[in-house]
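The stops below can be taken in the order given.

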Amino acid sequence: MLTTRKSDDRGHFDHGWLDTRHTFSFGEYYDRHHMGFRALRVINEDVVRGGGGFGTHPHRDMEIVTYVLSGALGHKDSMGNGSTIVPDDVQRMSAGTGITHSEHNASPSEPVHLLQIWLLPAKNGGPPSYEQRAFPAGEKRGKLRLVGAPDGREGAVTIHQDVAIYAAVLAPGERVEHTLARGRHAWMQVTRGRVRVNGEPLAAGDGAALSDEPRIELVADDDTELLLFDLA
């Protein structure tokens, strides 16, 4: 079964400094039919104007993954980490027993475009931790590159949940496949371009939930970038 979540159906708020779209219920946006998918709780697509940002705020018991599409995002947290996240980077922050952090557009004039993704951890109450790694576009071109996994295999960031996160960059006409093990599920999120997922057309901002689909075929109709979540 494949169920699509079209970009224009997401929650949308324009706060001036922040233009944000919520795939699942978040903050002021509530839709009881879209509370998450399996352990995937949040996919927010944010565009932060130059000089804007999120002030220091707390989190706990959540796996937070940041994926920058364009621009640069500055990060500071209560563990003493300070970094700049740029395209091809994947940042993972495990909030665990509690953490505070802030995020800001690293440019005073150019926007930063990003996805912030939250996953429920396998267990609550773990120690907070942080990780950031680069996955060059060449590693994702024409294939699904593992960027997040519970065991950090293949150089992926370590997610404290039974999930494998893949990123792909596809040229028009390119085709890739992913096999889902029995009893597993997938979420597709298109960040750029157009792709057919088992024949279903999706465009930038669209998502799709897949269950009881052992084979996932992706065929790009345009220059395309996407994320695939393989979930228990």
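This tour of a predicted model goes from a sheet to its strands, then to aromatic rings and to some single residues in loops.

**The four-stranded sheet**

Select strands S16, S21, S18 and S19. In that order they form an open sheet with antiparallel pairing. Its edge strands are S16 (175-179) and S19, each of which pairs on one side only. Averaged over the sheet and with direction ignored, neighbouring strands are turned by 25° against each other.

S16 and S21 run antiparallel and are joined by five bridges. For a landmark, select His-178 and look across to S21, where Ile-216 stands opposite.

Next, move to S18 and S21. These two are also antiparallel, with three bridges between them. Here Val-197 has Leu-218 in S21 as its bridge partner.

Which residues make up the covered face, and which the uncovered one? Val-195 and Val-197 are on the covered face, while Arg-194 and Arg-196 are on the uncovered one. In a regular strand, side chains alternate between the two faces of the sheet.

**Aromatic rings**

Now show the Phe, Tyr and Trp side chains. How many aromatic pairs does a search of the whole structure find? The search finds four.

Select Trp-17 and Phe-54. Their ring centres are 5.2 Å apart and the planes meet at 75°, so this pair is edge-to-face. Trp-17 is in the loop between strand S2 (11-14) and strand S3 (18-22), and Phe-54 is in strand S5 (residues 53-59), so the pair ties together parts 37 residues apart in sequence. Switch to a surface view for this pair. Trp-17 is partly exposed, at 34% relative accessible area. Phe-54 also counts as partly exposed, because its 22% is not under the 20% that buried requires.

For another group of rings, select Phe-24, Phe-37 and Trp-187, which ring pairs link into a cluster.

**Two aspartates with positive phi**

Select Asp-61, in the loop between S5 and strand S6 (63-70). Asp-61 is not a glycine, yet its phi is positive, at about 50°. Is this residue buried or exposed? Asp-61 is buried, with a relative accessible area of 16%.

Then select Asp-212, in the loop between strand S20 (207-211) and strand S21 (215-220). Its phi is near 55°, a positive value in a residue other than glycine. Asp-212 counts as exposed, with 70% relative accessibility.

**Glu-154**

Finally, select Glu-154, in the loop between strand S13 (145-149) and strand S14 (157-158). With a relative accessible area of 56%, Glu-154 is exposed. What does Glu-154 touch, leaving out residues up to four places away in sequence? Its contacts on that count are Arg-145 and Leu-146. To end, draw a distance from Glu-154 to Asp-223: the two are 69 residues apart along the chain, and their C-alpha atoms are separated by 25 Å.

How values were computed. Residues are numbered from 1 along each chain as its sequence is written. This is a predicted model: local features need pLDDT of at least 70, side-chain atom pairs count only at pLDDT 80 or more; totals for chains, interfaces and linings use all residues. Side-chain values use heavy atoms; hydrogens and water are left out. Buried means under 20% relative accessible area, exposed over 50%, partly exposed in between (1.4 Å probe, protein chains only). Contact means heavy atoms within 4.5 Å. Rings of Phe, Tyr and Trp (its six-membered ring) pair if their centres lie within 6.5 Å; planes under 30 degrees apart count as stacked, over 60 as edge-to-face and the rest as tilted. Two strands pair if DSSP finds at least two bridges between them. Axes are lines fitted to C-alpha atoms, for helices over the stretch in contact, and angles run from 0 to 180 degrees between N-to-C directions.
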